[in-house]
Amino acid sequence: FKLILLSVFPFITLFAQDSLTFVIRVDDVQSRNVSYLPAGITPFENAVELRGGKVTWAVIPHRLIENLNLSGGVTQQLISTLADGHEIAQHGYNHTCLRCGNTGHEYYCITQVFHHTYTVQAAMTDTALRILADSLNFRPSSFVPPGHHADSISWKVLTDQAFDIVSTTGLTKQFIYPGLYNLAPHQEFTWNMQSADYRAKMTSALSDVRLKGMRDGYYMILFHDPFIRQGYQNGLVVNWIG
């Protein structure tokens, strides 16, 4: 498989090539779970780089100014990862819905089927962009809505803020909104990974990659907040992705 970074490439040309585009994306990056101390993104990143690949880190901007990052360790690692050619996508603002307080969505409230106004969504997006600019001196062009939930108001906000790539579970490899191209994720296999299911998840993943990769012409494998997952702490996830 050919591993490449998805950023601002011309997608129509990219997907016309006779190869499988393999996307490695890590959502959340730093969780608020304090059961484990932050372990860093470097081991995961190194495992991917050894195979010639790059990682898309979906960063929740507000986490960069929360207590777990008071030392600035996460910030410095993200600055380094950008310098090494990896991608940072904006993952909402703080991954918490203003309407119901649920942490499984943010830009669109699926609990109360509520559409946040343009003003509210634009304010979250703008504040998040300012945090990324202040912390990383970086402005992303791709966006991952928390929980992959968003609405047409979100699309308008994102295009007005010059985002051109989004990742939701909606119809993929097409423009979900004028100027906003959607590339859906496929599957997450390593959530709470343990030694007992390491091989079974590997077998399932390889089968899924072959099936959906042939169907879609690309495969996006998903991971989550490697800083605190037990499978990351004991090296299982790093070995698995390698």
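Colleague: Does threonine 96 count as buried or exposed?
Modeller: In this predicted model, threonine 96 counts as buried, because its relative accessibility is 19% and the cut-off for buried is under 20%.

Colleague: Where in the chain is threonine 96, and which residues is it in contact with?
Modeller: Threonine 96 has its place in the loop between β4 and β5 (108-109). If we leave aside neighbours within four places in sequence, threonine 96 is in contact with Arg32, Gly101, Asn102, Thr103, His105 and Glu106.

Colleague: And histidine 62, which residues is that one in contact with?
Modeller: Histidine 62 lies in the loop between β3 and α3, and, with neighbours within four places in sequence left aside, it is in contact with Arg32, Tyr93, Asn94 and Ile131. The side chain of histidine 62 also makes a polar contact with the side chain of glutamate 66, at 2.7 Å.

Colleague: What separates the C-alpha atoms of histidine 62 and histidine 95?
Modeller: A distance of 8.6 Å separates those two C-alpha atoms, although histidine 62 and histidine 95 are 33 residues apart along the chain.

Colleague: Let me step back to the whole chain: how many helices and strands are there?
Modeller: The chain has eight helices and twelve strands. It consists of 242 residues, of which 54% count as buried, and it exposes about 11,000 Å², with carbon and sulfur atoms supplying 55% of that area.

Colleague: What share of the contacts comes from residues 24 or more positions apart?
Modeller: Such residues account for 65%, where the contacts being considered are those in the chain with a separation of 6 or more.

Colleague: Now the inside. Which residues in the largest nonpolar core touch the most other members?
Modeller: They are Phe44, Trp57, Phe223 and Trp240, in a core that has 45 residues. The largest share of this core, six residues, comes from α4. Apart from it lies another core, of six residues, among them Tyr181, Ala184, Tyr218 and Met220.

Colleague: What does phenylalanine 44 touch?
Modeller: Not counting residues up to four places away in sequence, phenylalanine 44 touches Ile24, Val26, Val55, Trp57, Phe223, Tyr232, Val237, Val238 and Ile241.

Colleague: You mentioned α4, so how many residues does that helix have?
Modeller: Helix α4 has 19 residues, and from its first C-alpha to its last it reaches 26 Å, which is close to the 27 Å expected at 1.5 Å a residue. After α4 comes asparagine 137, whose phi is positive, near 55°.

Colleague: Which residues of α4 are buried, and what covers them?
Modeller: The buried residues of α4 are Gln121, Ala122, Met124, Thr125, Ala128, Leu129, Ile131, Leu132, Ser135 and Leu136. Their cover includes β3 (56-59), α3 (73-83), β4 (87-90) and α5.

Colleague: Then which residues are buried in α5?
Modeller: In helix α5 (residues 152-160), the buried residues are Ser154, Trp155, Val157 and Leu158. Seen down the axis of α5, these buried residues fall within an arc of 165°, so they line one face of the helix. What covers them includes α4 (118-136), β7 (142-143), β8 (165-166), β9 (174-177) and β10 (180-182).

Colleague: Why does serine 154 count as buried, and what does it touch?
Modeller: Serine 154 is buried because its relative accessible area is 1%, and the cut-off is under 20%. Not counting residues up to four places away in sequence, serine 154 touches Tyr107 and Gln121, and Gln121 is among the buried residues of α4.

Colleague: What caps the N-terminal end of α5?
Modeller: Aspartate 151 caps that end, with a side-chain oxygen lying 3.1 Å from the backbone nitrogen of isoleucine 153.

Colleague: And what comes just after α5?
Modeller: Just after α5, alanine 162 takes a positive phi of about 70°, although alanine 162 is not a glycine. Alanine 162 lies in the loop between α5 and β8, and it is exposed, with a relative accessible area of 53%.

Colleague: Last one: where does asparagine 192 lie, and what is its phi?
Modeller: Asparagine 192 lies in the loop between β11 (187-188) and α6 (198-216). Its phi is near 50°, a positive value in a residue other than glycine, and at 40% relative accessibility asparagine 192 counts as partly exposed.

Notes: Residues are numbered from 1 along each chain as its sequence is written. This is a predicted model: local features need pLDDT of at least 70, side-chain atom pairs count only at pLDDT 80 or more; totals for chains, interfaces and linings use all residues. Side-chain values use heavy atoms; hydrogens and water are left out. Buried means under 20% relative accessible area, exposed over 50%, partly exposed in between (1.4 Å probe, protein chains only). Helices (H or I, at least four residues) and strands (E, at least two) are DSSP runs, numbered from the N terminus. The arc is that of the directions from the helix axis to the C-beta atoms. Contact means heavy atoms within 4.5 Å. A polar contact is a pair of N or O atoms within 3.5 Å; within protein, one must be able to donate a hydrogen and the other to accept it, and residues adjacent in sequence count only if both atoms are side-chain atoms. Accessible areas come from the Shrake-Rupley method with a 1.4 Å probe; for residues, only the protein chains shown count as cover. A nonpolar core is a set of buried Ala, Val, Leu, Ile, Met, Phe, Trp, Tyr and Cys residues joined through side-chain atoms within 4.5 Å. The expected span of a helix is 1.5 Å times one less than its number of residues.
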